[in-house]
Amino acid sequence: MKRASLLRIFEAAAVILLPIALVGSAFLEAEAAAALSLLCVGLALTPFLLSFENKKPRPRDLVPIAVMSVIAALGRTLFSAIPSFQPASAIILITAIAFGQDAGFLTGALTALSSNLLLGQGPWTPWQMYAWGMIGFFGGLLYRAGFFRKRFFLLLFGFISGILFGWFMDLWYVLGFIRPVKFAAFLAAFASSAWMDVVHGISTVLFLLLLEKPWGKKLYRIQEKYGIGPEVKEK
């Protein structure tokens, strides 16, 4: 089996098995559940990063990702005074649409890592890296599958991804701070952060409406000119 195919299998396993492992450790009240969950997220990041590296990216492939992740991080920092209102998820999605799911995942992971240099690093950082990486990964994947032909579905995905991002971070909160871990604790965490999750979803939609078309055109020109992105490379 080719290395690229093997890495794709690892990616799929990470997407499917990580939530199961985290929730299972919570309900079984495993010892050191917070440390275990942090380890799980760290391991889940590995196949995605290895898959991108396996493609032997050129400097021209890395520059747009670096630039977009910095813009997303600065945008998150700029709006940090307004809880959960941020352009990061929208910028990650725009990058994934232009350059593919692997670039989207890496942009999401780097956005969390770089923005937390200003906003504060901690055990939540790998969780944010994985959550934003998944937004980029599935955004790019769904775009390539044709689900975003109608703009409404892109905006709907942006809204839902903001909600799911918050739920994923609620999972980290419960596993890290609530003892004993019970189902009621998850419901309470989801309910208490619901308005912030909705704000995240709404802000993602607003920034997609504002940025997706003008930025998308510019990124597509870069893709065509420098041969960046899966469609261009497959020709």
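Which residues in H9 are buried? Asp 197, His 200, Gly 201, Ser 203, Thr 204, Val 205, Phe 207, Leu 208, Leu 211, Glu 212, Leu 219 and Gln 223 are. Keep in mind that this is a predicted model. The protein chain has 10 helices and 0 strands, and buried residues account for 46% of its 235 residues.

**The chain as a whole**
- Follow the sequence along and you get the pattern α-α-α-α-α-α-α-α-α-α.
- Take the contacts between residues at least 6 apart in sequence: 77% of them join residues at least 24 apart.

**Helix H9**
- H9 covers residues 194-226 and has a kink of about 45° at Leu 211.
- Once H9 is done, Gly 227 follows, with a positive phi near 70°.

**How H4 and H5 pair up**
- H4 spans residues 88-99 and H5 spans residues 101-119.
- Their axes come within 7 Å and cross at roughly 155°. Angles over 145 degrees count as roughly antiparallel, so that is how H4 and H5 run relative to each other.
- The crossing of these two helices is right-handed.
- On the H4 side, the residues that meet H5 are Ala 88, Ile 92, Thr 95, Ala 96 and Phe 99.
- On the H5 side, Gln 101, Ala 103, Gly 104, Thr 107, Gly 108 and Thr 111 meet H4.
- Sorted by type, the residues of this contact are 5 nonpolar and 6 polar, with no charged ones.

Note on methods
Residues are numbered from 1 along each chain as its sequence is written. This is a predicted model: local features need pLDDT of at least 70, side-chain atom pairs count only at pLDDT 80 or more; totals for chains, interfaces and linings use all residues. Side-chain values use heavy atoms; hydrogens and water are left out. Axes are lines fitted to C-alpha atoms, for helices over the stretch in contact, and angles run from 0 to 180 degrees between N-to-C directions. Helices (H or I, at least four residues) and strands (E, at least two) are DSSP runs, numbered from the N terminus. Angles under 35 degrees count as roughly parallel, over 145 as roughly antiparallel, 65 to 115 as roughly perpendicular and the rest as oblique. A crossing is left-handed if the near helix is turned anticlockwise from the far one by less than a right angle, and right-handed if clockwise. Contact means heavy atoms within 4.5 Å. Ala, Val, Leu, Ile, Met, Phe, Trp, Tyr, Cys and Pro count as nonpolar, Asp, Glu, Lys and Arg as charged, and the others, Gly among them, as polar. The bend at a residue is the angle between axes fitted to the seven residues ending there and the seven starting there. Buried means under 20% relative accessible area, exposed over 50%, partly exposed in between (1.4 Å probe, protein chains only).
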